[in-house]
There are 2 protein chains.
Amino acid sequence: MALTTHSEHICAGGRVGFYSHQSDQLGLVARFGAFIPSRAQSGQRVPALYVLAGLTCNHETFLTKSGIIRFAAERGFAVIAPDTSPRGAGVAGEGDSWDLGLAAGFYLDATQTPWRAHYRMGSYLSRELPELTSTVMPIDGERLGLMGHSMGGHGALVHALRAPGLWKSVSAFAPIVHPAAVPWGEKAFTAYLGANRSGWADHDATLLIASGHRHPHTILIDQGVADQFLDTQLRPQEIEKAAQLAGQPMSVRLHEGYDHSYWFIQSFIEDHVTHHAAILTA
Amino acid sequence: MALTTHSEHICAGGRVGFYSHQSDQLGLVARFGAFIPSRAQSGQRVPALYVLAGLTCNHETFLTKSGIIRFAAERGFAVIAPDTSPRGAGVAGEGDSWDLGLAAGFYLDATQTPWRAHYRMGSYLSRELPELTSTVMPIDGERLGLMGHSMGGHGALVHALRAPGLWKSVSAFAPIVHPAAVPWGEKAFTAYLGANRSGWADHDATLLIASGHRHPHTILIDQGVADQFLDTQLRPQEIEKAAQLAGQPMSVRLHEGYDHSYWFIQSFIEDHVTHHAAILTA
């Protein structure tokens, strides 16, 4: 459980830092970013918001561009930002596509060679990293919220639906809600999980809801209407329909003019922190 | 006055965009970033905060990392982010050092070959860009505020002291307050302005105050005490002393634990927007 500190900076009265550790799940050194609010410096354990970034991003992106820190600081929340894939797996061609391999781990455990040896962001996120952060940081592991953007929104929805006891609150910006039915997901799932689509259902938020998975709290989804990926990759109406049929509480908010960028995320990040805080501090 | 739009994004109800234009002063294509708040979309001219980034940065950095947009949006202010140097001048070796040449224009007009042909960020900032933004954007050229970070803090202080009628309000984060007396400034001024130090005084905020320049409003300076450049390059006590002697209103705030990064800037950016707003909307 040894952590290497790469940099730390005081921010908004707390401390933002970038760290790495030897990951058992990935079999590699893994990096993550973290913000610890000032309240935790007096020994108090604080709730944490896990933030999952999207394709092409890394463990710095969400913390740097979303503007989340000041709102987390106001609430006394920590923020944990995992990386978007393993680094250094050495899979041939893993850096050739921006939507597969490096920075495109889809927060799942690959079952197929050559990916399965290291591409295990699923177990890393659901087991290893929460254990680590609750051990080496003053984080209350019973009060974790999960949010994400695009591929990270997919990760947030899937993980929270599969483990609502771990992830007490969940939200997403422009998530891939039905990866089994869109090109990004089909490409990644075919490579990581194999061509047999029956194995994909556990990794698709819309299918998880359809098959009976529930989260006890409202799932908040924000989506820009001018998002260039709206119709081809995101299609929030798919999960909204599944949630309505299933009785899963969900709030899908569509925003005219907003695109897929962090300019969109920063515009609504305060609402997401408020959403999580209402559940985690209830 | 033709503007090329590279990208535009809706953000916080307004619009952030990245643009370029043929600059007469630079003799090159120049880039800048801009945020226009929603209030301006109804034809109303709005105040603008010019933000000057530091060494190694570009016209995107301050907008992306400072968190300024949400506070500008709340106030109905535009934000204009110039680049930190000309691009494409073709000066031999201009990309070799991170503290001279590219991304290190120091917001002045070079007088020395080979720099003087294109390194004219001084006149670009004091004349060309304000004229342009008041012409092609719904900006009230009578209500401009100027802030900057590090090298950009130097630029903000010097330009506001030399033209307080143009820059109605001024503030800085970790500025180079006395460049004529520190290594960054000595290197840049020797190259751009020549070895004769008598020509440097017009480009040094501390010397400008000592020689009688004044700004009618309080100059706000924030400085982190854990800033790695505090003693060698920044030394805010120099300008504070000059301001006290001269009766120039100035507020120098020292912040324990904070370093030179945008994590520091984002922690206090709201205070700076409030400082400018109190003057620009009085």
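# Salt bridges, symmetry and an annotated site

B:Arg70 is buried, since its relative accessible area is 16%, where buried stands for under 20% relative accessible area, exposed for over 50%, and partly exposed for anything in between, with a 1.4 Å probe and protein chains only. Residues are numbered from 1 along each chain as its sequence is written, and chains are lettered from A and ligands numbered from 1 in the order in which they are written.

How confident is the predictor in chain A? The average pLDDT of chain A is 97, and 100% of its residues score at least 70, pLDDT being the predictor's confidence in each residue on a scale from 0 to 100. Where pLDDT is low, predicted coordinates should not be read in detail. For the complex, the predictor gives an ipTM of 0.95 and a pTM of 0.96.

In general, two copies of a chain are related by a rotation about an axis and a shift along it. The same surface serves both copies, as 100% of the contact residues of chain B recur in chain A, a contact being heavy atoms within 4.5 Å.

B:Arg70 forms a salt bridge with B:Glu74, and their closest N and O atoms are 4.0 Å apart; a salt bridge is a side-chain nitrogen of Lys or Arg within 4 Å of a carboxyl oxygen of Asp or Glu. Both residues lie in helix 2 (residues 68–75) of chain B, where they are four residues apart, about one turn of the helix. Helices (H or I, at least four residues) and strands (E, at least two) are DSSP runs, numbered from the N terminus. While B:Arg70 is buried, B:Glu74 counts as exposed, at 56% relative accessibility.

Over all chains, the structure holds 26 salt bridges. Another of them joins B:Asp83 to B:Arg87, with the closest N and O atoms 2.8 Å apart; B:Asp83 is buried at a relative accessible area of 3%, whereas B:Arg87 is partly exposed at 25%. B:Arg235 and B:Glu238 form a salt bridge too, their closest N and O atoms being 2.9 Å apart, and in this pair B:Arg235 is partly exposed at 24%, while B:Glu238 is buried at 18%. In chain A, a network of salt bridges links A:Arg31, A:Asp83 and A:Arg87.

Which residues does the UniProt annotation "active site" cover? According to that record, an unreviewed entry, they are A:Ser150, A:Asp227 and A:His260; UniProt positions are given in the numbering used here, feature names are shortened, and annotations may be inferred rather than shown by experiment. Although these residues are spread over 111 residues of sequence, they cluster in space, with a largest C-alpha distance of 10.8 Å.

A:Ser150 is found in the loop between strand 6 (139–149) and helix 4 (151–162) of chain A, and it counts as buried at 2% relative accessibility. Apart from neighbours within four places in sequence, A:Ser150 is in contact with several residues, including A:Trp184 and A:His260. A:Asp227 sits in the loop between strand 8 (219–224) and helix 7 (230–234) of chain A, counts as buried at 5%, and, with neighbours within four places again left aside, has A:His260 among its contacts.

For the histidine we can look at chain B, where B:His260 lies in the loop between strand 9 (250–255) and helix 9 (262–280) and is buried, with a relative accessible area of 10%. The side chain of B:His260 makes a polar contact of 2.5 Å with the side chain of B:Asp227; such a contact is a pair of N or O atoms within 3.5 Å, where within protein one must be able to donate a hydrogen and the other to accept it, and residues adjacent in sequence count only if both atoms are side-chain atoms. Beyond neighbours within four places in sequence, the contacts of B:His260 include B:Ser150 and B:Asp227.

Definitions and conventions
This is a predicted model: local features need pLDDT of at least 70, side-chain atom pairs count only at pLDDT 80 or more; totals for chains, interfaces and linings use all residues. Side-chain values use heavy atoms; hydrogens and water are left out.
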